[in-house]
Amino acid sequence: MDTLVVDHPLVAHKLTALRDERTDSPTFRRLADELVTLLAYEATRDVRVEPSEITTPVSPTTGVRLSSPKPLVVPILRAGLGMLDGMVRLLPTAEVGFLGMVRNEETLQASTYAERLPDDLSGRQCYVLDPMLATGGTLAAAIRFLVDRGADHITAVTLLCAPEGTARLEQELADLSIPVTVVTAAMDERLNEQGYIVPGLGDAGDRLYGVAD
């Protein structure tokens, strides 16, 4: 597994505003959307393309276009939805699937409660969207779910990572024979006793959508 921390002034600038507890939900959603588009630029560096013959106003030439089957973008519900628009802005022809996973706050184990994905992902590049790589359990379970369906190349896009989560992901996916990459805006210090990233930015879902009563 490879981990890429995107080192760019605009990424750092937008992430700082996301971390600020004074940032309200509408602003948080807009900043997350913008940040994901910046991360998507790096995340799609290895997207598969094939030659395409075209004619410009001056002459024929050979360019490239996305290969088939199309890439699949998979936000993990619910917080991953806040990253979807920013990702498909850069990959407008990608298909979108959904994976609902919930973490038990006592055991910190993830389980699947809903999915809307093709039954066969053979030959598909998948881009998994999850704002926080904290304990690593949810993302590891999501990646295994996609691999079991046949996905052969997976890139996870996150806003933040914790070292503990990255280490767990590497350990739990060590037996996979396919490429797995994590692209993130920052590697934070640690997890606290509640499993939250420090300094982090709080609960990404609550900050995106507010806290339901």
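**Note on the predicted model**

1. The side chains of H153 and Q125 make a polar contact at 3.4 Å. A polar contact is a pair of N or O atoms within 3.5 Å; within protein, one must be able to donate a hydrogen and the other to accept it, and residues adjacent in sequence count only if both atoms are side-chain atoms. This is a predicted model: local features need pLDDT of at least 70, side-chain atom pairs count only at pLDDT 80 or more, and totals for chains, interfaces and linings use all residues. Residues are numbered from 1 along each chain as its sequence is written, and side-chain values use heavy atoms, with hydrogens and water left out.

2. H153 sits in strand 10, residues 153-158. Helices (H or I, at least four residues) and strands (E, at least two) are DSSP runs, numbered from the N terminus. H153 is buried, because its relative accessible area is 11%. Buried means under 20% relative accessible area, exposed over 50%, and partly exposed in between (1.4 Å probe, protein chains only). Neighbours within four places in sequence aside, the contacts of H153 include D46, R48, C126 and I178. Contact means heavy atoms within 4.5 Å.

3. How many disulfides are there? The count is zero, where a disulfide is a pair of cysteine sulfur atoms within 2.5 Å. For C126, the nearest cysteine sulfur is that of C161, 19 Å away. C161 is in no disulfide either; its nearest cysteine sulfur is that of C126. C126 counts as buried because its relative accessibility is 1%. C161 counts as buried at 0%.

4. The UniProt annotation "binding site", from an unreviewed entry, covers I197, G202, D203 and A204. UniProt positions are given in the numbering used here, feature names are shortened, and annotations may be inferred rather than shown by experiment.

5. Is D203 buried or partly exposed? D203 counts as partly exposed, because its relative accessibility is 28%. D203 lies in the loop between strand 14 (197-198) and helix 6 (204-209). A polar atom of its side chain lies 3.0 Å from the backbone nitrogen of G205.

6. A204 is in helix 6. A204 is buried, with a relative accessible area of 5%. Leaving aside neighbours within four places in sequence, A204 is in contact with F28, A79, P131 and M132.

7. Now the whole chain. The chain has six helices and 14 strands. Buried residues make up 47% of its 213 residues. Of the contacts with a separation of 6 or more, 73% join residues 24 or more positions apart.
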